[in-house]
Amino acid sequence: MILDMRPVCTYTDYFVVASGQNPRQTKAIYDEVRERLKRENRLVPQTVEGDREATWIVADYLDVVLHVFTPEARAFYRLEELWDDVPAIQVEAAAS
């Protein structure tokens, strides 16, 4: 899911919210995004939090903040409900 934060936030334009099925998959999703952005766009996150526990990883790319959750953490923090007043776009996972 992509949340358009521009109407309500000054520090970023978008939140990208994704889920893995468990901490290992959550970390793998984050690692793949990080490596592709670095390789293809020469982008690295300014800060990263939660990559050791891997239940909720937050990577700040300035204009975009990536959130990768386990299902339990996503249900607990309910980020989409917290920001339910901003435009959201549902995106399906790409098949590999």
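This is a predicted model: local features need pLDDT of at least 70, side-chain atom pairs count only at pLDDT 80 or more; totals for chains, interfaces and linings use all residues.
Residues are numbered from 1 along each chain as its sequence is written, and side-chain values use heavy atoms, with hydrogens and water left out.

The sheet comes first. Helices (H or I, at least four residues) and strands (E, at least two) are DSSP runs numbered from the N terminus, and two strands are said to pair if DSSP finds at least two bridges between them. On that basis six strands form an open sheet with mixed pairing, in the order S3-S4-S5-S2-S1-S6. Its edges are strand S3, residues 47-49, and strand S6, residues 88-89, each of which pairs on one side only. Strands of a sheet pair through backbone hydrogen bonds, either parallel or antiparallel.

Three residues lie between the strands of the S4 and S5 hairpin, where leucine 62 takes a positive phi near 70°. Further along the sheet, strand S1 (residues 2-4) and strand S2 (residues 14-19) are antiparallel partners over three bridges, with isoleucine 2 standing opposite valine 16 in S2.

A helix accompanies these strands. Helix H1, residues 23-41, lies across S2, S3, strand S4 (56-60) and strand S5 (64-69), and runs at about 155° to S5; here axes are lines fitted to C-alpha atoms, for helices over the stretch in contact, and angles run from 0 to 180 degrees between N-to-C directions. In a regular strand the side chains alternate between the two faces of the sheet. S4 has a covered face with Ile57 and Ala59, and an uncovered face with Trp56, Val58 and Asp60.

The interior can be described through its cores. A nonpolar core is a set of buried Ala, Val, Leu, Ile, Met, Phe, Trp, Tyr and Cys residues joined through side-chain atoms within 4.5 Å, where buried means under 20% relative accessible area, exposed means over 50%, and partly exposed lies in between (1.4 Å probe, protein chains only). The largest such core has 11 residues, among them Met1, Leu3, Phe15, Val17, Val65 and Phe69, and the elements giving two or more residues to this core are S2 and S5. A second, separate core of seven residues includes Ile57, Tyr61, Leu66 and Val68.

In helix H1, lysine 27 and aspartate 31 lie four residues apart, about one turn of the helix, and they form a salt bridge whose closest N and O atoms are 2.8 Å apart. Lysine 27 is partly exposed at 26% relative accessible area, as is aspartate 31 at 22%. A network of salt bridges links Lys27, Asp31, Arg34 and Glu35. Glutamate 40 and arginine 39 meet in a salt bridge of 3.8 Å, N to O; glutamate 40 is exposed at 52%, and arginine 39 is exposed at 57%.

Aspartate 4 lies in strand S1 and is buried, with a relative accessible area of 15%. The side chain of aspartate 4 meets that of arginine 6 in a salt bridge (2.8 Å, N to O), and arginine 6 is partly exposed at 45% relative accessibility. With contact meaning heavy atoms within 4.5 Å, aspartate 4 is in contact with Asp13, Tyr14, Val86 and Pro87, leaving aside neighbours within four places in sequence.

How values were computed:
A salt bridge is a side-chain nitrogen of Lys or Arg within 4 Å of a carboxyl oxygen of Asp or Glu.
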